[in-house]
Amino acid sequence: LRYVETKHGRIAQLAFLGQIWARGGNRLDGPIDNAGDLFTSYPNGLAALFGPNAIPQLGLTQIIIFIGILETCVMTDWTESAEFPGDLRNGTFQGAWDNWSDKEKLQKRAVELNNGRA
């Protein structure tokens, strides 16, 4: 259950940052599809999914399929070498994590868990 809580916390944090970024008036440049529709032609938040100016249904389906592929193929511990629940490094991104003490690692994990709960 700790793995699921960590994963959902990460998703919630990314969604929050996405909302802050988009509501701040930031948009990707250029067209979102081959028809020439721009990223700026779609509204923020749920209005982008449900409403008169929503993205096309096939676009929403594509997003859901992409999330499913990430969930089942990428964001998993496929090497079974996780140091803790939610450790998805899979032998990569060793960097600073290996230089920290066990106490610092535990503190970093607690901060991430608490931020996901907030």
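A: Let's start with the second largest pocket, which has a volume of about 210 Å³. A pocket here is an open set of points on a 1 Å grid over the protein atoms alone, where a 1.4 Å probe fits and protein lies on both sides within 12 Å along at least five of seven lines. Its volume is the space filled by probe spheres set on the points, which are joined across faces, edges and corners. The model is predicted, so local features need pLDDT of at least 70 and side-chain atom pairs 80 or more, while totals for chains, interfaces and linings use all residues. Residues are numbered from 1 along each chain as its sequence is written, and side-chain values use heavy atoms, without hydrogens or water.

The second largest pocket is lined by Ile32, Asp33, Phe39, Tyr42, Ile55, Pro56, Gly59, Gln62 and Ile63 (lining residues have an atom within 4 Å of a point). By type, this lining has 6 nonpolar residues, 2 polar and 1 charged. Ala, Val, Leu, Ile, Met, Phe, Trp, Tyr, Cys and Pro count as nonpolar, Asp, Glu, Lys and Arg as charged, and the others, Gly among them, as polar.

Let's zoom in on Pro56, one of the lining residues. Pro56 sits in the loop that runs between α1 (2–23) and α2 (57–74); helices are DSSP runs of H or I, at least four residues, numbered from the N terminus. Pro56 counts as partly exposed because its relative accessibility is 45%, between the buried limit of under 20% and the exposed limit of over 50% (1.4 Å probe, protein chains only). Glu112 is 56 residues from Pro56 in sequence, and their C-alpha atoms are 35 Å apart in space.

Thr6 is buried, because its relative accessible area is 9%. Lys7, Gly9 and Ala22 are buried in α1 as well, and the buried residues of this helix pack against α2 and α3 (102–117). Just after α1, Gly25 takes a positive phi of about 90°.

Now for the largest pocket, with a volume of about 1,300 Å³. Of its 31 lining residues, Leu14, Ala15, Gly18, Ile63 and Ile67 lie nearest the centre; Ile63 also lines the second largest pocket. The largest share of the lining, 10 residues, comes from α1.

How confident is the predictor? Mean pLDDT, its confidence in each residue from 0 to 100, is 83 for the protein, and 97% of the residues reach 70 or more. Confidence is highest in α2, at a mean of 88, and lowest in α3, at 83.

Notes:
Helices (H or I, at least four residues) and strands (E, at least two) are DSSP runs, numbered from the N terminus. Contact means heavy atoms within 4.5 Å. pLDDT is the predictor's confidence in each residue, from 0 to 100.
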